[in-house]
Amino acid sequence: MPVLRAHGIEASLPHGMEGRIFVRPTVGAETPYPVAHFATFPLPDDTGDFGGGAVNLMGVDDLFVVLFEYGPESAGTRLFARRGMPRTLRASDFKPYLLRRGLGGQAGTQWFFTEAGRPFTLYAVLGSHARRHALVPRVNALLAGLAVSPAPVPVEQGAAPWN
Amino acid sequence: MVALAVVLTVVVLLLGLLVAGLLRSHADILKALHDLGAGVGDPAAPGPGGVPHHDVRLLATARGATGRDGAPGLVAMGPPLPPERDTASAPAVAGVTPTGDALAVAVSGHDHLTLLAFLSSGCATCAAFWQAFEDPRRTGLPADVRLVVVTKGPEMEIPGEVRARARPGLAVVMSTEAWGDYEVPGSPFFVLVDGTTGRRVGEGVAHRFEQVAELVRRARVDARSFETAVRDGSGRSDDPDDPDGLDGLDGRHGGVGLDGPRREAANDQVLAAAGILPGDPSLYPRSLADVFPPAGPPGAARGTGDGG
């Protein structure tokens, strides 16, 4: 079982899944935060944060899952009041109208939460709403292998590390 | 005269000892080669300590120590492969990218071919491949072949060096574990994996990427030939404009990449579909003419029995 580990996120991938955990390059004054993509199909290099360029490639038996971190200023807000990542999703949690990009036949779900003091959203897409009962256990198998550790304390620039 | 006879006798005795020593040394070398599986006889027969020869590798340790079985210089390299693994299996490749992100590539469970390019930042031969990968259009790979570069992990490679050689958008995984999983002997080394079967369909060394592209092309043709031969026993494409089955290959097939008894069974299936059953005279050629019959009318001998 391949294990991915970067930016305070660890994922044990079930068989047949691939993924990446990355931080986009900084553009201007923005501060990018980690994003994790997981899929049962080859992920294109230029996949958007929430699956743009990838979900249109999904087959009916495919999954696409995003773990997206927000800035620390979002922690403690009502949107992220839920404590801990959902680990067991139900088939009824997936709706065709919850998709960020409404592609026929697909279904999605999205959850906002705080884990290890870090605000996240979890977004999952099923290749087929009709096959959600078969596909959701595979999503849950992935979620069972996800772990988030507290954000690393940033090192102040300019100070000698031995002082 | 007597002194001369004594001297000659002594010389003959010394030469006899020398010859005996050389024969003994030769025998020791042959025995060592045999224990390594390179000698005459059955290489699958258990070697020292009951370890099959093909599981035993020579490890030249600095101390010249004995192996676990007590045989001089012989040790088993690494743990035994798990039962689900063999020389054609293709596990997922997981590691980090040169920028510190994490990346895992699943090479099975889909209908794509994946070309794993095991490169390093330091080898001179690899430089031409890094250069070829700068422009995806220059690789000459078919559109459905996914290229993934695999270097050793950050503990054995310098990420900055790898980052400097990898163009943006090129999938690069730094994973020493993957080199072990795919038994990579050195860089550059290439492995082609069929996502449908999750098996390796080709692997080898090349000095130019054109050679790799040729390897990929052959593997795809082999896959198509096998599929066609299994389907109708002819080994020919259905497309009259593409009698050799070179166009529109989709990489799906049922037999390429099989190993051991499954490969033998697949070959038997192809032969049976072509009407060649056990005992068929064509299986026991007696002359070159039986293997390469005289040319008949154009096309009479094309496309039969080449798919196995």
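1. Let's start with Arg118(A), which is buried, with a relative accessible area of 3%. Buried here means under 20% relative accessible area, exposed means over 50%, and partly exposed lies in between (1.4 Å probe, protein chains only). Arg118(A) belongs to strand β7 of chain A, residues 118-126. Strands (E, at least two residues) and helices (H or I, at least four) are DSSP runs, numbered from the N terminus.

2. A word on what you are looking at: this is a predicted model, in which local features need pLDDT of at least 70 and side-chain atom pairs count only at pLDDT 80 or more, while totals for chains, interfaces and linings use all residues. Residues are numbered from 1 along each chain as its sequence is written, chains are lettered from A and ligands numbered from 1 in the order in which they are written, and side-chain values use heavy atoms, with hydrogens and water left out.

3. Which residue forms a salt bridge with Arg118(A)? The partner is Glu69(A), and the closest N and O atoms are 2.7 Å apart. This pair links distant parts of the chain, since Arg118(A) sits in strand β7 and Glu69(A) in strand β5 of chain A, 49 residues apart. Glu69(A) counts as buried too, at 7% relative accessibility. A salt bridge is a side-chain nitrogen of Lys or Arg within 4 Å of a carboxyl oxygen of Asp or Glu. Side chains of opposite charge can pair when their charged atoms come close.

4. Arg118(A) has other neighbours to look for. Its side chain reaches the backbone oxygen of His7(A) at 3.0 Å. Leaving out residues up to four places away in sequence, Arg118(A) touches several residues, among them Gly8(A), Pro34(A), Phe113(A) and Val148(A). Contact means heavy atoms within 4.5 Å.

5. Over all chains, a search of the whole structure finds 13 salt bridges. One of them joins the side chains of Asp61(A) and Arg131(A), at 2.5 Å from N to O. Here too, distant parts of the chain are linked: Asp61(A) is in the loop between β4 and β5 of chain A, Arg131(A) in the loop between β7 and α1, 70 residues apart.

6. Now turn to chain B. Arg200(B) forms a salt bridge with Glu203(B), with the closest N and O atoms 3.2 Å apart. Arg200(B) counts as buried at 5% relative accessibility, whereas Glu203(B) is partly exposed at 41%. Together with Glu183(B), these residues are linked in a network of salt bridges.

7. How do the chains meet? In the interface, 17 residues of chain B are in contact with 20 residues of chain A. The area buried between them is about 1,200 Å², of which carbon and sulfur atoms give 55%; buried area is the accessible area (1.4 Å probe) that two parts lose on being put together, summed over both. The count between the chains is one salt bridge: Arg146(B) pairs with Glu18(A), the closest N and O atoms being 2.8 Å apart.

8. Strand β3 of chain A (residues 18-22) and β4(B) pair in the antiparallel sense over three bridges. Two strands pair if DSSP finds at least two bridges between them. Within β4(B), Leu103(B) is the bridge partner of Arg20(A).

Methods:
A polar contact is a pair of N or O atoms within 3.5 Å; within protein, one must be able to donate a hydrogen and the other to accept it, and residues adjacent in sequence count only if both atoms are side-chain atoms.
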